[in-house]
Amino acid sequence: SHAQQQAVLNLLTSYFTAINHHDYQQYLDLHDAQQQRDLTVGAFDSGYRKTKDSAATLTSLTPAGSGTLAAAVSFTSHQPASNSPTDTTCTDWNITLYLRSQSGSYVIGASPSGYHASYSAC
């Protein structure tokens, strides 16, 4: 529904804003309680401290069972080559975030076992 899509777009905007502003607390607040236990400030800083993401696009939104939505997103990240899985300063990503409804909005939950994002050098 349009209401679901808007709530997901709001979450994605907050997600990429948190990463681009290097705001650990904002990033943490976007995850469910189970994910929050595993998200340390050190891991966040290691993964995102020098990252800037752009061109984020919601490419699909589908039910994923148990009230979860799978939000497929493409975006481009710019980071030091040493922080990139492609050893480049520009990486194109395709990820899926698994979202759960919570208090009228969505939070990011755990990905299914075996899930892997896809990426390539720009």
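Visitor: How many disulfides does the rule count here?

Guide: The count comes to 1 disulfide. The term covers a pair of cysteine sulfur atoms within 2.5 Å. This is a predicted model, with residues numbered from 1 along each chain as its sequence is written. Local features need pLDDT of at least 70, side-chain atom pairs count only at pLDDT 80 or more, totals for chains, interfaces and linings use all residues, and side-chain values use heavy atoms, leaving out hydrogens and water.

Visitor: What makes Cys90 and Cys122 a disulfide?

Guide: Their sulfur atoms lie 2.0 Å apart. The limit is 2.5 Å, so the pair qualifies. A disulfide is a covalent bond between the sulfur atoms of two cysteines.

Visitor: Is the link of Cys90 and Cys122 left-handed or right-handed?

Guide: The link is left-handed, with -75° about the S-S bond. It joins distant parts of the chain: Cys90 sits in strand E3 and Cys122 in the segment after E5, 32 residues apart. Strands are DSSP runs of E with at least two residues, helices are runs of H or I with at least four, and both are numbered from the N terminus.

Visitor: Why does Cys90 count as buried?

Guide: Buried means under 20% relative accessible area, exposed over 50%, and partly exposed in between (1.4 Å probe, protein chains only). Cys90 has 16%, so the residue counts as buried.

Visitor: Why is the pair of Tyr15 and Phe16 called edge-to-face?

Guide: Their ring centres are 5.0 Å apart, so they pair, and their planes stand at 90°, so the pair is edge-to-face. Tyr15 is buried at 7% relative accessible area. Phe16 is buried too, at 8%.

Visitor: What makes Tyr98 and Tyr115 edge-to-face?

Guide: Their centres lie 5.9 Å apart and their planes make 80°, so the pair meets both limits. This pair also links distant parts of the chain: Tyr98 is in strand E3, and Tyr115 is in the loop between E4 and strand E5 (118-121), 17 residues apart. Tyr98 is buried at 14%. Tyr115 has 25%, which makes it partly exposed.

Visitor: Which residues form one aromatic cluster?

Guide: The members are Tyr15, Phe16, Tyr24, Tyr27, Phe44, Tyr48, Phe75, Trp93 and Tyr119.

Visitor: What makes a set of residues a nonpolar core?

Guide: The members are buried Ala, Val, Leu, Ile, Met, Phe, Trp, Tyr and Cys residues, joined through side-chain atoms within 4.5 Å. The largest core here has 22 residues, and Val8, Tyr15 and Leu99 have the most contacts inside it. Helix H1 (2-20), strand E2 (68-78), strand E3 (90-102) and strand E4 (105-108) each supply at least two of its residues. H1 gives the largest share, 8 residues. In soluble globular proteins, nonpolar side chains tend to be buried together.

Visitor: Which residues is Val8 in contact with, leaving aside neighbours within four places in sequence?

Guide: Val8 touches Leu58, Leu61, Leu69, Ala71, Leu99 and Tyr106. Contact means heavy atoms within 4.5 Å.

Visitor: Why does Asp32 count as buried?

Guide: Asp32 has 4% relative accessibility, under the cut-off, so the residue is buried. Asp32 lies in the loop between helix H2 (24-29) and helix H3 (33-38). Beyond its neighbours within four places in sequence, Asp32 is in contact with Arg100, Val107, Ile108, Gly109 and Ala110.

Visitor: How do you know that the protein chain agrees with a compact globule?

Guide: The radius of gyration is taken over C-alpha atoms, and the globule rule is 2.2 Å times the number of residues to the power 0.38. For 122 residues the rule gives a value near 14 Å; the chain has 14 Å, so the two agree. The C-alpha trace spans about 40 × 25 × 25 Å along its principal axes. Buried residues make up 35% of the chain.

Visitor: What is the order of elements from the N terminus on?

Guide: The elements run α-α-α-α-β-β-β-β-β. That comes to 4 helices and 5 strands.

How values were computed
Rings of Phe, Tyr and Trp (its six-membered ring) pair if their centres lie within 6.5 Å; planes under 30 degrees apart count as stacked, over 60 as edge-to-face and the rest as tilted.
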